[in-house]
Number of protein chains: 4
Amino acid sequence: MIRFDSDYIEGAHESILKRLSETNNEQLPGYGTDHHTETAKAYIRDLCGVDADVHFMVGGTQANMTIIASMLRTHQGVIAPDSGHIAGHETGAIESVGHKVLEIENSDGKINAEQVRSFAEGHWNDPTHEHMPQPKMVYISQPTESGTLYSRQELEDLREICTENNLYLMVDGARLGYALASRDNDTSIRDLASLCDVFYIGGTKVGALFGEAIVITNDNIKPDFRYIMKQKGGLLAKGRLLGIQFEVLFENGLYFEISKHAIEMAHRLAEAFEKKAIEMYAPASTNQIFPILTDTQIDVLQSKYAFHVWEEIDTARKAIRLCTSWSTTSDDVDALISDIEKL
Amino acid sequence: MIRFDSDYIEGAHESILKRLSETNNEQLPGYGTDHHTETAKAYIRDLCGVDADVHFMVGGTQANMTIIASMLRTHQGVIAPDSGHIAGHETGAIESVGHKVLEIENSDGKINAEQVRSFAEGHWNDPTHEHMPQPKMVYISQPTESGTLYSRQELEDLREICTENNLYLMVDGARLGYALASRDNDTSIRDLASLCDVFYIGGTKVGALFGEAIVITNDNIKPDFRYIMKQKGGLLAKGRLLGIQFEVLFENGLYFEISKHAIEMAHRLAEAFEKKAIEMYAPASTNQIFPILTDTQIDVLQSKYAFHVWEEIDTARKAIRLCTSWSTTSDDVDALISDIEKL
Amino acid sequence: MIRFDSDYIEGAHESILKRLSETNNEQLPGYGTDHHTETAKAYIRDLCGVDADVHFMVGGTQANMTIIASMLRTHQGVIAPDSGHIAGHETGAIESVGHKVLEIENSDGKINAEQVRSFAEGHWNDPTHEHMPQPKMVYISQPTESGTLYSRQELEDLREICTENNLYLMVDGARLGYALASRDNDTSIRDLASLCDVFYIGGTKVGALFGEAIVITNDNIKPDFRYIMKQKGGLLAKGRLLGIQFEVLFENGLYFEISKHAIEMAHRLAEAFEKKAIEMYAPASTNQIFPILTDTQIDVLQSKYAFHVWEEIDTARKAIRLCTSWSTTSDDVDALISDIEKL
Amino acid sequence: MIRFDSDYIEGAHESILKRLSETNNEQLPGYGTDHHTETAKAYIRDLCGVDADVHFMVGGTQANMTIIASMLRTHQGVIAPDSGHIAGHETGAIESVGHKVLEIENSDGKINAEQVRSFAEGHWNDPTHEHMPQPKMVYISQPTESGTLYSRQELEDLREICTENNLYLMVDGARLGYALASRDNDTSIRDLASLCDVFYIGGTKVGALFGEAIVITNDNIKPDFRYIMKQKGGLLAKGRLLGIQFEVLFENGLYFEISKHAIEMAHRLAEAFEKKAIEMYAPASTNQIFPILTDTQIDVLQSKYAFHVWEEIDTARKAIRLCTSWSTTSDDVDALISDIEKL
């Protein structure tokens with residue numbers, strides 16, 4: 001079985017494992033106060049071009065929950081696309097820390113500034129708005145859960161609406177590397193840092209064993225973040241493990257290099273489907289591609305490849321999701337292309 | 001600087017790093033559904049001698065919060081020694097999931113059955129008990145935060161009182177290896193499994209990069225634990241990392257072997273203090289020892305060694321904490337002994 | 001200004017005020033342990049024909065939050081129509097106690113058994129269901145926020161689906177009296193008691209100063225409810241105030257009598273609109289009616305009457321909501337009818 | 001049975017019931033937006049001599065929970081005496097909204113500035129303070145649960161320490177009337193308003209059917225309080241009921257007059273015990289007195305009077321609590337004095 005079902009099917013990039021071994025016997029203080037962590041933070045601050053606070057956490061649900069718990073008062077909610085990870089795939093983590101996810105209908109995984117404006121104005125214009133959660137934050141993902149991208153213009157529009165409506169803007173970048181490496185992308189990490197109040201750079205799906213780098217640029221929400229990391233179970237005792245991994249990923253551009261590889265692999269697969277005139281469920285901008293196949297075609301591919309059946313399109317066809325990653329090999333892609341051609 | 005300040009100052013036992021490398025390119029499903037995780041669970045179930053549910057989480061605060069959130073209804077609280085980790089060192093994690101920690105005064109880090117009985121009866125006999133959190137669970141640590149041990153008899157007494165008062169018994173085993181390896185210990189892991197409703201076997205402080213193995217033996221509290229792990233941000237995407245580590249620790253007794261080493265190192269330090277007739281703050285049963293030193297003695301040692309100043313004893317003296325671990329070398333212990341002798 | 005904007009614009013039925021005065025100097029124990037409260041509970045148990053636990057709380061949001069916090073584990077959510085009070089008008093009270101409201105699209109304020117079945121099966125059939133809140137409860141209102149009614153058959157169907165899918169069924173009866181008095185109603189309070197796990201009988205909107213009578217029929221969820229009432233700030237010190245009010249409402253059928261009056265008043269208004277061939281937004285079964293008016297018509301009526309503008313229908317027309325209640329006078333209805341005729 | 005067991009054993013002062021009847025048929029908007037509520041707020045603002053936000057809630061637990069949830073971020077805790085109402089008698093309401101109550105040992109129900117300073121400095125000086133809840137607020141009661149009073153000087157000292165340590169100061173005034181009327185009191189309501197960030201004036205125990213008037217003087221914590229009242233189930237639909245009651249209490253000084261009566265009744269009882277040389281558990285400054293009696297004496301009094309047995313003093317004696325209130329009659333006090341004389 002060749003797996004294209006997710007971008008976390010293997011361990012870590014070998015450079016990371018190598019460095020973890022090399023540094024294993026260093027005796028270091030805990031909870032992210034070691035020099036590797038400091039160095040990694042400096043790399044990321046430099047990359048972002050702003051005086052941000054950087055924190056490392058183990059996973060995405062943990063990061064989302066901690067960021068949101070840190071930023072909102074009890075009566076405030078977070079606007080998100082109904083396809084957003086916090087809306088549907090975190091077992092109510094946001095609600096479990098007391099906040100409503102205010103869902104807006106997505107288009108290809110995205111929401112736009114006009115929708116946010118309308119929601120916020122709808123709240124404030126309602127004379128009974130005190131009877132509803134107050135929208136205080138917008139959560140989006142780059143790339144989205146559908147593998148699509150926000151353009152720089154779309155992000156600027158969202159920023160403007162957020163500022164006008166006193167909303168924070170947060171970007172979940174669990175797969176950020178794959179956005180940055182996409183041929184369709186026009187938003188740099190510096191753009192993100194200047195447009196968001198907080199975002200994170202995903203490691204788990206981009207070559208690390210685990211880890212997300214949270215970048216807080218808004219001074220108002222910087223204080224006391226480490227208290228809340230600890231409270232939510234997210235302050236790793238051997239914080240060095242996160243520091244070392246992000247040090248490796250960002251000291252010489254490894255993060256960007258391996259992201260680019262994944263995008264190339266995905267691009268080759270997308271081309272193969274295109275040659276067969278197979279329709280896509282969403283634009284294939286990043287490392288996730290969503291071809292629409294017949295049940296027979298799905299059966300054929302499932303005999304050799306692991307992937308997710310994403311959504312029923314009509315009685316005869318379903319969208320599937322194929323994921324490439326930093327670890328995808330050309331051989332595996334060649335094999336799959338050859339089988340696509342035979343469909 | 002030679003560090004004796006904690007048992008998580010180095011990475012992991014080399015066997016663990018080696019296995020992580022060897023298995024790095026295996027393509028495996030996520031969230032702990034891989035075969036390494038299954039194998040590790042089987043080892044632990046076998047060791048415990050009961051048909052337990054086993055789950056792996058990254059850290060102790062996360063494990064405590066998730067277990068307690070899973071077991072208690074909203075109006076119920078957890079009895080704990082006032083020195084317990086959940087009482088003082090988790091930034092209110094338990095309160096953040098809605099439950100009061102009902103603190104009982106500790107003696108050398110421990111509470112006894114009589115105290116629990118008295119607390120529980122005090123609750124139920126109070127005609128206004130509905131105005132107080134209902135005690136539903138007892139949380140203790142083995143070994144305790146003071147490095148002491150519950151005897152088998154003490155645990156049996158606690159179990160009996162818990163059963164009589166409809167209380168769950170939970171044991172935080174963040175340093176469990178060091179309890180099991182102690183010369184003063186008379187409680188096996190099978191004893192624990194038969195006496196508790198839930199406990200966990202700490203990896204972070206006993207040779208793993210990170211990880212705690214939660215063992216749930218009470219059938220009533222088994223259902224749906226994975227939902228709650230996910231909700232609390234504790235279901236690791238690459239769950240294999242936990243499975244592989246515990247596989248290595250338990251396939252050939254490595255966990256017990258490296259625990260024993262730490263205990264020997266601590267024992268040698270304790271003997272050195274004893275020879276100098278230096279008093280201990282608490283019995284030196286495990287890998288944490290708490291000699292009481294003068295400020296001058298502390299200054300001398302701090303020039304070469306890292307350790308925690310634990311508590312002021314009187315105007316001239318303080319208890320310090322020295323930690324050994326699986327990674328403590330004989331050379332470092334020799335160096336410290338030589339300096340102890342010169343105090 | 002004559003107010004038709006809600007059913008809580010006046011104080012209480014005069015019988016209630018009279019009884020509060022008569023009993024004012026009785027010296028009684030607090031927190032709902034007095035004899036009036038016991039008597040009121042007995043009346044309600046008798047009315048329901050089951051051995052239910054009855055509790056009185058001050059308001060609806062408080063009742064909803066307390067009931068749901070009492071019944072669900074941390075990872076469980078409550079299915080509700082997207083028009084439900086807990087979904088949109090309680091400032092995230094349910095999320096603030098940790099649970100996601102799982103919204104289903106309403107038709108005239110209602111959801112049906114097939115929708116619930118589909119949602120529940122969708123959850124359990126999804127291989128990643130542990131990554132989503134577990135549906136454990138269905139919340140509906142009788143009458144609904146749109147003034148419509150569930151038929152007995154619809155409730156039986158929901159009960160059946162709930163039982164099949166291990167879901168609790170809860171009915172918010174903030175306006176229950178107006179449902180029971182409706183000409184379109186075929187569900188008795190005994191039916192409700194036998195079909196739900198928990199429901200409540202609203203007093204605030206049906207003649208009381210305040211108060212909701214919670215009826216718990218499922219033995220599994222009876223224990224410890226008073227603890228949770230206290231924790232959520234809902235155990236009234238002078239609990240007698242609730243007991244006395246419900247004693248008055250149920251000792252001689254006052255609750256049903258004044259509900260019937262409100263329905264008659266609403267019916268007369270509905271007929272007046274019908275005569276003018278004015279369309280309704282939802283069937284006018286209870287004390288809330290939703291005529292669709294032009295902006296000009298709205299302006300005319302707003303000069304003399306208070307009511308809510310409910311929803312924009314098209315560029316020229318909006319639905320408004322008119323509420324009658326136990327306190328609506330024939331004179332006020334006559335005045336409004338006369339003005340409707342002139343529209 | 002003559003009841004001295006609490007100050008909420010009767011309904012309301014007759015002036016309140018009378019006014020509720022007189023205003024019963026007024027048609028008013030809901031949720032505290034009516035003119036009576038506005039008038040009551042103006043009376044209280046005037047009394048306090050500051051531009052405060054005033055809100056009315058039904059009960060004390062609800063008020064405490066709502067105020068604290070409104071003011072603290074998730075990682076912050078509230079310092080309170082271990083005898084404080086939030087520490088022991090609200091079924092963990094504060095923990096249920098996520099915050100730890102940081103208990104300090106009380107003396108006669110009070111804590112002092114030095115204790116608070118020591119606690120706060122202990123937190124900030126601990127290098128691991130991020131692993132503990134951050135103290136952000138001090139909660140005290142005036143009068144205390146033991147019926148004692150803070151002097152103006154003590155409150156000024158607490159204010160100073162709070163300001164120095166960036167802590168809010170909150171005063172629970174569930175029985176505030178009885179403090180203000182005490183012969184031992186030197187703190188006016190204007191003093192309180194200038195020294196606290198928030199406090200409340202209790203109505204439930206001082207002549208109202210129910211109700212607490214929350215006074216927020218710190219501009220930083222004023223925004224959005226009504227959202228949180230709604231979320232916590234504390235925004236009364238017929239808010240007029242609170243407004244009207246506080247209007248009556250404060251339009252002509254009724255609140256102070258009836259408080260004074262209760263104090264006189266308590267003073268007469270205290271004198272009777274004094275004449276018999278019966279020791280007091282705590283100074284008898286307010287409407288709660290705590291004589292220490294033998295078991296035989298308790299048995300004798302219990303045959304005719306209801307009161308609480310408060311605490312065991314030694315094997316032969318217990319402190320009891322007797323409460324007077326606005327509703328205590330001279331006849332009942334005479335009867336009890338006569339029986340005290342016979343002890």
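Where is Asn166(D) found? Asn166(D) sits in the loop between helix H7 (152-164) and strand S6 (168-172) of chain D; helices (H or I, at least four residues) and strands (E, at least two) are DSSP runs, numbered from the N terminus. I will come back to that residue.

First, the ground rules. This is a predicted model, in which local features need pLDDT of at least 70 and side-chain atom pairs count only at pLDDT 80 or more, while totals for chains, interfaces and linings use all residues. Residues are numbered from 1 along each chain as its sequence is written, chains are lettered from A and ligands numbered from 1 in the order in which they are written, and side-chain values use heavy atoms, with hydrogens and water left out.

Now the interface of chain B and chain A. Contact means heavy atoms within 4.5 Å, and 46 residues of chain B are in contact with 46 residues of chain A. Together the two chains bury about 3,900 Å², with 52% of it on carbon and sulfur atoms. Buried area here is the accessible area (1.4 Å probe) that two parts lose on being put together, summed over both. Tyr8(B), Gln27(B) and Lys238(B) supply 18% of the area that chain B buries against chain A, more than any other three residues.

What about salt bridges across this interface? The rule, a side-chain nitrogen of Lys or Arg within 4 Å of a carboxyl oxygen of Asp or Glu, finds 0 between chain B and chain A.

Next, cysteines. There are 0 disulfides over all chains, a disulfide being a pair of cysteine sulfur atoms within 2.5 Å. Take Cys48(C): the closest cysteine sulfur, in Cys196(C), is 9.8 Å from its own, too far for a bond. Cys48(C) is also buried, at a relative accessible area of 1%. Buried means under 20% relative accessible area, exposed over 50%, and partly exposed in between (1.4 Å probe, protein chains only).

Last, the backbone. Most residues other than glycine have a negative phi, and most peptide bonds are trans. The bond from Gln142(A) to Pro143(A) is cis, with omega near -5 degrees, and Pro143(A) lies in the loop between strand S5 (134-141) and helix H7 (152-164) of chain A. In chain C, a cis peptide bond joins Gln142(C) and Pro143(C), with omega about -5 degrees.

Back to Asn166(D): its phi is near 60 degrees, a positive value in a residue other than glycine. Asn166(D) counts as exposed, at 53% relative accessibility.
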